[in-house]
Amino acid sequence: MIAGDPLSPASLIVSLAHERARPALSPAEINARTAALVRGVLDRRHRFGITRLGSITRLDRTGIVVTQVVRPLALSNVVSQGKGLDPWRAAASGLMEALESWAGEQIEPARLTTRAAIDMKGDLRRLYAGSLVHRGDPGWDRIALRWIDGWDLFTDRCLPVPAALVDTVYTYPSPHPVAFPRTTTGLAAAGTLHGAIIHAGLEVLERAGVAAAAREPHFFDRSQLASSAIDWPLSAHVLARLDEAGLVAGIWRVEAEHGLPIYWCHVVEKEGTEEVAPLPGEGFGCDFTHDAALAKALMEACQARATAIAGAREDITRSFYPERHDRRRLDGWRRQILARTCPSSPPREVMAPGGAPEALDRLLRALERAGAHAALAVPLFHLPDPEIYVIRLVVPPLRHVPVGVA
């Protein structure tokens with residue numbers, strides 16, 4: 001493997017096996033690696049087109065550190081966000097998000113082939129039919145599409161993946177025919193290959209679960225948990241910070257067949273507090289434990305608030321800033337969030353995986369239970385020092401938005 005070059009699908013399984021033999025890191029080692037990762041990316045910021053890493057934490061009062069990373073020549077969002085309980089983690093979070101999009105723009109043309117699915121070996125038409133923008137499109141398989149090789153973690157074999165489901169070249173006109181949705185779901189960067197795959201897979205499950213929940217009648221009435229009943233350590237810590245800041249969280253549990261916890265959260269200002277952002281900040285999270293999943297969702301909601309206040313992200317359009325707000329609707333929503341009686345009680349906590357190999361095994365089983373027919377990892381970039389992996393995980397036919405929307 002050449003330093004700084006993308007991994008090939010054939011070498012991916014070797015790298016995973018190598019990581020399985022590594023001992024687990026202590027909290028102090030994790031902190032040191034996080035700091036080294038931030039310094040290493042910033043030392044190479046010109047290569048990645050990064051011109052700014054900044055904090056927008058003090059624009060709001062949540063107490064969650066929120067960062068912005070700017071790449072002016074990006075082919076997708078110029079501004080990326082990160083969050084964390086401390087500046088190092090928040091900086092790493094933002095830099096990794098920026099690096100994910102950068103790596104998705106850098107796919108070498110030599111890795112791509114152009115063919116129609118009907119002319120390719122195997123049953124690719126059936127595998128990807130459920131991932132189309134418009135389900136049931138009878139002619140998509142005759143369109144000449146770009147393909148890139150991915151490694152199926154279910155079957156340990158190499159399979160072609162539509163490049164439209166992998167790259168982040170979101171220019172107009174699009175480099176791809178309209179067949180598959182253009183989304184960053186399943187795009188992940190981490191300090192280990194295991195970590196990148198797990199991060200990507202949890203995001204796939206989260207967004208598929210939320211898309212399904214959005215179609216459920218009366219979801220918000222049936223699935224709400226009382227924030228006062230949450231006693232999981234990390235989530236309770238974040239909730240306490242919000243309470244001190246005059247904010248409150250609405251918490252909804254997303255039930256999913258795969259069994260991994262998913263949460264949907266809104267963060268709003270309490271009545272009688274100084275209003276900074278009228279609309280709720282929204283966040284989602286999926287993880288192996290309820291505490292980790294809920295904490296993710298809460299911190300993402302805080303990040304959403306700060307991002308809306310900053311107004312620097314180009315996909316947050318004028319519609320997010322109406323001249324007048326429907327105060328009656330906002331007050332009604334605040335009252336629902338503040339309701340002391342909620343129909344659901346917090347579930348019992350579950351055990352976290354014993355290490356990265358167990359986490360990967362649990363993730364793959366969850367993807368299968370969710371209805372996945374394949375879990376295709378497409379390696380995009382590898383940096384050896386500090387060690388960073390960027391991958392895209394494509395999981396057909398899981399849908400990340402409600403059918404009919406994309």
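The structure is a predicted model, and the mean pLDDT of the protein chain is 90, with 95% of its residues reaching 70 or more.

**Confidence along the chain**

- Among the elements of the protein chain, strand E2 (residues 65-70) has the highest mean pLDDT, at 98, whereas helix H1 (residues 9-20) has the lowest, at 72.
- Where pLDDT is low, the predicted coordinates should not be read in detail.

**The sheet E8-E9-E10-E11**

- An open sheet is formed by 4 strands in the order E8-E9-E10-E11, and their pairing is antiparallel.
- Strand E8 (224-225) and strand E11 (281-286) stand at the edges; each has a single partner strand, so one side of each is left without a neighbour in the sheet.
- Strand E8 is joined to strand E9 (residues 247-253) by 2 bridges, the two strands running antiparallel, and Leu225 has Ile251 in E9 as its bridge partner.

**Helices packed on the sheet**

- Helix H9 (residues 290-310) packs on the sheet and touches E9, strand E10 (262-269) and E11, with its direction making about 155° with that of E11.
- Helix H10 (residues 327-338) also packs on the sheet, where it touches E8, E9 and E10, and its direction makes about 70° with that of E9.

**Aromatic residues**

- A search of the whole structure finds 14 aromatic pairs.
- One aromatic cluster is formed by Phe219, Phe220, Trp252, Trp264, Phe284 and Trp333.

**Ser101 and its surroundings**

- Ser101 lies in helix H4 (residues 87-105), and its relative accessible area is 11%, which is under the 20% cut-off and therefore counts as buried.
- Leaving aside neighbours within four places in sequence, Ser101 is in contact with Arg71, Ser76, Thr168 and Leu187.
- Ile262 is 161 residues apart from Ser101 along the chain, and the C-alpha atoms of these two residues are separated by 25 Å.

How values were computed. Residues numbered from 1 in each chain as written. Predicted model: local features only at pLDDT ≥ 70, side-chain atom pairs only at ≥ 80, totals over all residues. Heavy atoms only, no water. Buried < 20%, exposed > 50% of the residue type's maximum accessible area, 1.4 Å probe, protein only. Contact = heavy atoms within 4.5 Å. Pairing = 2+ DSSP bridges. Axes fitted to C-alpha atoms, helices over the stretch in contact; angles between N-to-C directions. Phe/Tyr/Trp six-rings, centres within 6.5 Å; stacked < 30°, edge-to-face > 60°. pLDDT = per-residue confidence, 0-100.
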